[in-house]
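I opened the model to look up a few sites and wrote down what I found. The entries follow in the order I made them.

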Amino acid sequence: MSNLAAHFNRPRPVPLLMSIVFFGVCVAAGSWQLDRLRWKEQLIADVASAHEKPPLTALPADDAALSTMQFANVTLRGTWVPGVEFHLAPRYWRDQFGYALISPFKLADGRLLLVNRGWVPGTMKLAEKRPTTAVKGPATIRGMVRVGPERGTFTPVSQPEKNIWFGRDIADMAAHANLKNVMPVMVDLVGTQDIKHLPIPSDGTIRLRNDHLGYVFTWWGIALGILVIFVTYHHKKR
């Protein structure tokens, strides 16, 4: 301690407290971004692994097994349930605002699967404006499984009364439309994208940004800068 006193001035309480707080916040933010980096790398690996496997022709009956099927390719046979449609927002196609149309699809075993059929422009939200997009009868669909509501901290609350949903709120959608035996996952249709044929399905590409490593270095660099400035400022000049 006597050696430190010989080389450094005693810091004042307020600057010392502020330096500790800012240093701690920057270290914590960098550590959080490091966790996000590991999560994102695992997600990218999961997407690549799912795309390498052949499509499944049936989905497991167990909900726990379904929850592990994120991005799995599927080819399923069933029957469209007409007259029910959910609008997921905001969705963009080539920078144009719109909605994703979600319709129930009944599998041979009686379970209902909510299927994201694709994008329509915001001006075509009402089904009456696009009668050619109505679905009915038996069909074979090709797509990828999506698990989870895709909700974040700032995702707005859905507005069922306006048929505007901001997350994949499967349970709430089912309750609102009085649908029974609905599976806890969705399927996004994959197909050819053509503005002349609505809705426009996914092209099957999952685009994931991974900037977290840069954020890690940024936050930890700021923390190091605070430490260097603090030490330099209090070092006694000879």
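**Entry 1: E85.** I looked up the side chain of E85 and found a polar contact with the side chain of H87 at 2.8 Å. The side chain of E85 makes another polar contact, with the side chain of R130, at 2.5 Å. I take a polar contact as a pair of N or O atoms within 3.5 Å; within protein, one must be able to donate a hydrogen and the other to accept it, and residues adjacent in sequence count only if both atoms are side-chain atoms.

The model is predicted, so local features need pLDDT of at least 70 and side-chain atom pairs count only at pLDDT 80 or more, while totals for chains, interfaces and linings use all residues. Residues are numbered from 1 along each chain as its sequence is written, and side-chain values use heavy atoms, with hydrogens and water left out.

E85 sits in the loop between strand 1 and strand 2. Helices (H or I, at least four residues) and strands (E, at least two) are DSSP runs, numbered from the N terminus. Is E85 buried or exposed? I noted E85 as buried because its relative accessible area is 19%; buried means under 20%, exposed over 50%, and partly exposed in between (1.4 Å probe, protein chains only). Not counting residues up to four places away in sequence, E85 touches L101, I102, S103, R117, K125, A127, R130 and N163. Contact here means heavy atoms within 4.5 Å.

**Entry 2: R111.** I found R111 in the loop between strand 3 and strand 4. R111 counts as buried because its relative accessibility is 12%. Where does the side chain of R111 reach? I traced the side chain of R111 to the backbone oxygen of L59, at 2.9 Å. Beyond four places in sequence, the residues that R111 touches include L59, P60, A61, F105 and M183.

**Entry 3: strand pairing.** I count two strands as paired if DSSP finds at least two bridges between them. Strand 2 and strand 3 (residues 96-107) run antiparallel and are joined by six bridges. F86 has I102 in strand 3 as its bridge partner. The two strands form a hairpin with two residues between them, and R94 in the turn has a positive phi of about 50°.

I then went to strand 5. Strand 1 (residues 73-80) pairs with strand 5 in the antiparallel sense over eight bridges, and the partner of R77 in strand 5 is T140. Strand 5 also pairs with strand 6, antiparallel, over four bridges; G143 stands opposite L189 in strand 6.

**Entry 4: backbone checks.** Most residues other than glycine have a negative phi, and most peptide bonds are trans. I listed exceptions. A cis peptide bond joins A89 and P90, with omega about -15°; P90 is in strand 2. Another cis bond joins L198 and P199, with omega about -5°, and P199 is in the loop between strand 6 and helix 5.

F71 is not a glycine but has a positive phi of about 70°. F71 lies in the loop between helix 3 (63-66) and strand 1, and counts as buried because its relative accessibility is 3%. N178 has a positive phi near 60° and lies in the loop between helix 4 (170-176) and strand 6. N178 is exposed, with a relative accessible area of 56%.

Entry 5: L37 is in helix 2 and counts as buried at 9% relative accessibility. L37 and V216 are 179 residues apart in sequence, yet 8.7 Å apart in space, C-alpha to C-alpha. Leaving aside neighbours within four places, L37 is in contact with N210, H212 and L213.

F230 is in helix 5 (residues 212-234) and is partly exposed at 22% relative accessibility. F230 and I20 are 210 residues apart in sequence and 9.8 Å apart in space, C-alpha to C-alpha.

**Entry 6: the largest pocket.** How big is the volume of the largest pocket? I noted about 1100 Å³. Of the 34 residues that line this pocket, the closest to its centre are R91, R146, E150, R168 and I206. A pocket is an open set of points on a 1 Å grid over the protein atoms alone, where a 1.4 Å probe fits, with protein on both sides within 12 Å along at least five of seven lines; lining residues have an atom within 4 Å of a point. The volume is the space filled by probe spheres set on the points, and grid points are joined across faces, edges and corners. Helix 2 gives the largest share of the lining, six residues.
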